[in-house]
Amino acid sequence: MRWPWSKDQHNTPPVQRERTVDFTDWSHYKDPRNVIAVIVLTTTTLFSARLYRVYLRRIDQAGSIQANFWRRRSLFGRVTSVGDADNFRLFHTPGGRIAGWGWLPWRRVPETSKELRDKTIHIRLAGVDAPELSHFGRPAQPFSQEAMDFLTSYILHRRVRAYIYKRDQYERAVATVYIRRWLLRKDVGFEMLKRGLATVYEAKSGAEFGKLEDKYRKAEKWAKIKRKGMWAGKQKDYESPRDYKTRMTASEPGR
């Protein structure tokens, strides 16, 4: 029996402790397996950040669109309201259904005006000018309501893709807009021109067509020949939206 105060007669070998990592020793950092892992992780992180910033980041308003997006990017989303016969509000849903919009609980498009406030992009159709509705005491132009009704029935609450060109003086994104109808991609502005519900946009400067001016002018010419929409009346009674706005502005007090 060994007493507590007795000395051990046998020499106990010293405990061997594991050697700790020496952080001043760089040899383990040079291991190819570690280097490859770091490169893969860094590349994946940078790629994911860029993917989100360029393709998956939601844009709330036209003023939030980055300068390098104009003429290079398109915006996909749902039309939440139509304000006039040539402009509307778009709720941006980047990535569409693939990114979860419409079926994931946290990826839903708001429904109420309160929820949508400051969360939609004001879009102006490029290259077309629709008849003016009644605004600020001004009378409505002929076929303005027909143009408004068509645009509303054509795009409201539907998903569209807008190819953006610039921001105008009213903080709207000027864009060519496409919609899928029966599996076919339709140019909204072109469809309005064909039906005689809009004219080719005429301005001294700042007109934007996105390389579609010739196509649009041919559509307008065809509508004139077929006497569609606003072209159905007598030529002497016709007044373009541009001429109408010029006349209304000139008739205002102080002009």
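Predicted model: local features only at pLDDT ≥ 70, side-chain atom pairs only at ≥ 80, totals over all residues.

Me: Which strand pairs with strand 6 over seven bridges?
Reply: Strand 6 spans residues 173–181 and also joins strand 7 in the antiparallel sense, but through four bridges. Its pairing with strand 3 is parallel and rests on three bridges. The antiparallel pairing over seven bridges is the one made with residues 159–167, that is, with strand 5.

Me: Which residue stands opposite Ala 173 of strand 6?
Reply: The parallel partner of strand 6 is strand 3, which covers residues 121–125. Within that pairing, the residue opposite Ala 173 is Ile 123.

Me: Which residue takes a positive phi in the hairpin of strand 6 and strand 7?
Reply: The hairpin formed by strand 5 and strand 6 has five residues between the strands, and in its turn Glu 171 has a positive phi of about 60°. In the hairpin of strand 6 and strand 7, two residues lie between the strands, and the residue with a positive phi, near 55°, is Trp 182.

Me: What is the bridge partner of Arg 180 in strand 7?
Reply: Strand 7 runs over residues 184–187, and one of its residues, Lys 186, has Ile 179 opposite. For Arg 180, the bridge partner in strand 7 is Arg 185.

Me: Is Arg 185 buried, partly exposed or exposed?
Reply: Arg 185 belongs to a surface patch of positive charge, where it gathers with Arg 161, Arg 180 and Lys 215. Its relative accessibility is 45%, and therefore Arg 185 counts as partly exposed.

Me: How many residues apart in sequence are the parts that Glu 111 and Arg 78 tie together?
Reply: Glu 111 and Arg 78 form a salt bridge in which the closest N and O atoms are 3.4 Å apart. Glu 111 lies in the loop between strand 2 and helix 2, whereas Arg 78 lies in strand 1, so the separation in sequence of the parts they tie together is 33 residues.

Me: Where does Arg 217, the partner of Glu 202, lie?
Reply: The side chains of Glu 202 and Arg 217 meet in a salt bridge with an N to O distance of 3.1 Å. The pair ties together parts that are 15 residues apart in sequence, because Glu 202 is in the loop between strand 8 and helix 5, while Arg 217 is in helix 5.

Me: Is Glu 220 buried or exposed?
Reply: Glu 220 meets Lys 224 in a salt bridge of 4.0 Å, N to O, and, being four residues apart in helix 5, the two are separated by about one helical turn. Lys 224 counts as partly exposed at 41% relative accessibility. Glu 220 has a relative accessible area of 10%, so it is buried.

Terms used. Residues numbered from 1 in each chain as written. Heavy atoms only, no water. Patch = residues over 30% accessible without salt bridge, like charges linked within 9 Å, V, L, I, M, F, W, Y side chains within 5 Å. Areas by Shrake-Rupley, 256 points an atom, 1.4 Å probe, with all protein chains shown as cover. Lys, Arg positive; Asp, Glu negative; His and termini not counted. Charge placed at Lys NZ, Arg CZ, Asp CG, Glu CD. Buried < 20%, exposed > 50% of the residue type's maximum accessible area, 1.4 Å probe, protein only. Pairing = 2+ DSSP bridges.
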